[in-house]
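Here is a brief report on one protein model.

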Amino acid sequence: MGAWGYKALESDEGLDVVAFLQEFMEQHKESNQLPLSGIVQAMKQQGFFW
């Protein structure tokens, strides 16, 4: 865990979110819609919001 700046993608946490979203979208690429509530719920299950 670390940071080299103060912007959103200048920390490990920001990059973890990007990686999560890329994987989530890849797993749901057959869906026409990705409801935000589903993404938030999956992020909660992965421990992003504690």
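## Nonpolar core

The largest nonpolar core has 5 residues: F20, F24, I39, A42 and M43. Such a core is a set of buried Ala, Val, Leu, Ile, Met, Phe, Trp, Tyr and Cys residues joined through side-chain atoms within 4.5 Å. Buried means under 20% relative accessible area, exposed means over 50%, and partly exposed lies in between (1.4 Å probe, protein chains only). Two helices, α1 (12-27) and α2 (36-45), each supply at least two residues of this core. The largest share, 3 residues, comes from α2.

I39 belongs to this core. Leaving aside neighbours within four places in sequence, I39 is in contact with F20, L21, F24 and L34. Contact means heavy atoms within 4.5 Å.

## Model and overall figures

This is a predicted model: local features need pLDDT of at least 70, side-chain atom pairs count only at pLDDT 80 or more, and totals for chains, interfaces and linings use all residues. Residues are numbered from 1 along each chain as its sequence is written, and side-chain values use heavy atoms, with hydrogens and water left out.

The protein chain has 2 helices and 0 strands. Both types are DSSP runs, numbered from the N terminus: helices are H or I with at least four residues, strands are E with at least two. Of the 50 residues in the chain, 14% count as buried. The accessible surface is about 4,300 Å², and 57% of it belongs to carbon and sulfur atoms. These areas come from the Shrake-Rupley method with a 1.4 Å probe; for residues, only the protein chains shown count as cover. Among contacts with a separation of 6 or more, 16% join residues 24 or more positions apart.

## Helix α1

α1 has 16 residues and reaches 22 Å from its first C-alpha to its last, close to the 22 Å expected at 1.5 Å a residue. The expected span is 1.5 Å times one less than the number of residues.

G14, F20 and F24 are buried in α1. Seen down the axis of α1, its buried residues fall within an arc of 120°, so they line one face of the helix. The arc is that of the directions from the helix axis to the C-beta atoms. These buried residues pack against α2.

## Helix α2

In α2 the buried residues are I39, A42 and M43. They fall within an arc of 100° seen down the axis of α2, so they line one face of the helix. Their cover includes α1. On the other side of α2, S37 and Q45 are exposed. G47 follows α2, with a positive phi near 85°.

## Aromatic cluster

F20, F24 and F48 form one aromatic cluster. The structure holds 2 aromatic pairs. Rings of Phe, Tyr and Trp (its six-membered ring) pair if their centres lie within 6.5 Å; planes under 30 degrees apart count as stacked, over 60 as edge-to-face and the rest as tilted.
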